[in-house]
Amino acid sequence: MSSSKRFRLRIIVPLFPNFNIYTFAASTTTSAGPIIVASVANKLENWDVEVIDENNVHGRFYPRDEEGKLDHYRLQEERPADVVGFYGSISSTIPRLYHLADIYKDMGVITVAGGKHVENLPEEALANHIDVVVFKEGELTLKELLLKWEQKKPIDQVKGIGFLKAGKLVKTADRPLIHDFDSIPYPDFNLLRYAKMRFYPINRTRGCNSKCEFCAVKEKARSCSPHKMMEQVKHLVETRNASHFFETSDHFAADREEAIEFCHLLAEYQKKYNKRFVFTVQTRITDARYPELLKAMKEAHIDTVCIGYESPIDQELITMKKGYTSVDLVNWTKTFHQYGFFIHGMFIFGYPKKDQTEPVISMEKRVKHFRKFIKIAKIDTVQLLITIPLPGTELRRRLIEENRIYPLDKIGWEFYDGQFPLFQPDDGVSPEELQQAVANIMTRFYHFRNFIKIINNILFHFPRIVFTSSLTICMGRIKYIKSAFQRWYRKYYRNYVLRFG
């Protein structure tokens, strides 16, 4: 490369292989990481940067192949990229990632990939048309790599990367994790091409202090300041007219005091400018123990909380290292509901026992456990996935030692999306039985009969609210009308629409 020309970096988020629970949501949002990395690289003097999320491609103007997917050969003809980076955190997208890497290598483009999957399996990535693997955070690493390639200098001294040399993996010195988040520019969503954005991903905390066996995130939680986070929200509101946000931190309240401070800033901003945001966060069920946090979240109009319940079976909660019981889960869920939150409950089904001498729980009883818990806890929406032994987790290492994981040449990475059995289930259960059990729970929850409930609520409950509101107006208590309609919407309408849709 010569510094007398301008260069182009293209970062790609690969397409999901199967229709799954994320498909609809992904078509109106994107992953935060690639946008942040691209925003840092875009500050380089001689580089133009773009991000393409194949799960969020809209409009008439993108080049399509025969299957209707983005045509990367034509894209490269129209806007040649010198370097292509790939988002490699989601294991189910890895086959697509390697396929695209093959296409770009065939066209002479430098390829680089980062994310949890490739950093835990660097040799696999490097054997599949990836030139350089980035370990852990990529902002500073990729920026340094681009400068080295621009100046035609060796990359051996760039920290936090892996590459092949004489056919062997060379891993450079570790790069320290970022703590000074004020040095990172705001995510620039203008770099995202062809996309339709509704929910803007923002991130305050990286890492997680929990040590769940099934999770690959092991770094200690680090957060930007509440004021920095609030400035990021303001930036998106003022430059993109954003109103829907998804806070992507694994645990929104990892630092509880700072989370409360951010909530206060968010509430003040909305009140000052007479705005109302739709705000969703991921948090832990144990946050129900802190009323000052829940109160601050509600005042900030944080509406929906995504909670990883994982399992209502005590035996499995112990194996997962969760630190609480199913009774705790029910009680804490009630607390969240008392504060008026919508709860999206995330579950893992068919979690493998550590000790095979543990009592056998039949598949029928497992299904009953889940159905009963969801009903008693009154969870608003649910996401139920079959256990995924992801690379870099204690769970995968354990199952490999037990020789239970199905070989990748039979069940490849594209099936690692929570819809397919990936290892031999416990207690002689067949893979088909496991998959059918999940389908039974989900189809019972998301069912056509919810349409009947919608009609019933419109015909019977809504007129009652209208009649009550008329009496309220006559009594001069107009301010209570809005809350009455909100209660009707939450209790009798919203959830049934989602479950039917």
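1. Two strands count as paired if DSSP finds at least two bridges between them. Strands β5 (residues 132–134) and β6 (residues 161–165) pair in the antiparallel sense over two bridges. Val133 stands opposite Gly162 in β6. Strands here are DSSP runs of E, at least two residues, and helices are runs of H or I, at least four; both are numbered from the N terminus.

2. A note on the basis. This is a predicted model, in which local features need pLDDT of at least 70 and side-chain atom pairs count only at pLDDT 80 or more, while totals for chains, interfaces and linings use all residues. Residues are numbered from 1 along each chain as its sequence is written, and side-chain values use heavy atoms, with hydrogens and water left out.

3. The mixed sheet. β5 and β6 sit in an open sheet of seven strands with the order β2-β1-β3-β4-β5-β6-β7. Its pairing is mixed. The edges are β2 (47–53) and β7 (168–171), each pairing on one side only. Neighbouring strands are turned by 25° against each other on average, direction ignored. Such angles run from 0 to 180 degrees between N-to-C directions, with axes as lines fitted to C-alpha atoms, for helices over the stretch in contact.

4. Parallel pairing in this sheet. Strand β3 (residues 83–87) runs parallel to strand β4 (residues 110–114), and five bridges join them. Val84 has Thr111 in β4 as its bridge partner. Helix α2 (residues 32–41) packs on the sheet and touches β1 (7–13), β2 and β3. Contact here means heavy atoms within 4.5 Å. The direction of α2 makes about 170° with that of β2.

5. The β6-β7 hairpin. These two strands pair in the antiparallel sense over four bridges. Gly162 has Lys171 in β7 as its bridge partner. Two residues lie between the strands of the hairpin. Ala166 is in the turn. Its phi is near 55°, a positive value in a residue other than glycine. Is Ala166 buried or exposed? Ala166 is exposed, with a relative accessible area of 80%. The cut-offs are under 20% for buried and over 50% for exposed, with partly exposed in between (1.4 Å probe, protein chains only).

6. The parallel sheet. A further open sheet has six strands in the order β8-β11-β12-β13-β14-β15, with parallel pairing. Neighbouring strands are turned by 20° against each other on average, direction ignored.

7. Strand β13 (residues 302–310) deserves a look. Eight of its nine residues are buried, so β13 is largely enclosed by the rest of the structure. Strand β12 (residues 278–283) pairs with β13 in the parallel sense over five bridges. Gln282 stands opposite Cys306 in β13. The chain passes from β12 through helix α10 (residues 291–299) to β13, a right-handed β-α-β crossover. Right-handed means that, with the strands pointing away from the viewer, the path from the first strand over the helix to the second runs clockwise.

8. The β13-β14 pair. Strand β14 (residues 342–349) runs parallel to β13, and six bridges join the two. Thr304 has Phe342 in β14 as its bridge partner. For Glu310 the partner in β14 is Phe347.

9. Glu310 lies in strand β13. It has a positive phi of about 70° although it is not a glycine. Glu310 is buried, with a relative accessible area of 10%.

10. Helix packing. Helix α8 (residues 226–240) packs against helix α9 (residues 256–272) at an angle of about 35°, with the axes 9 Å apart. The crossing is right-handed.

11. Which residues make the α8-α9 contact? On α8 they are Pro226, His227, Met229, Met230, Val233, Lys234, Val237 and Glu238. On α9 they are Glu258, Glu261, Phe262, Leu265, Leu266 and Tyr269. By class, the contact has nine nonpolar, one polar and four charged residues. Ala, Val, Leu, Ile, Met, Phe, Trp, Tyr, Cys and Pro count as nonpolar, Asp, Glu, Lys and Arg as charged, and the others, Gly among them, as polar.

Definitions and conventions
A crossing is left-handed if the near helix is turned anticlockwise from the far one by less than a right angle, and right-handed if clockwise.
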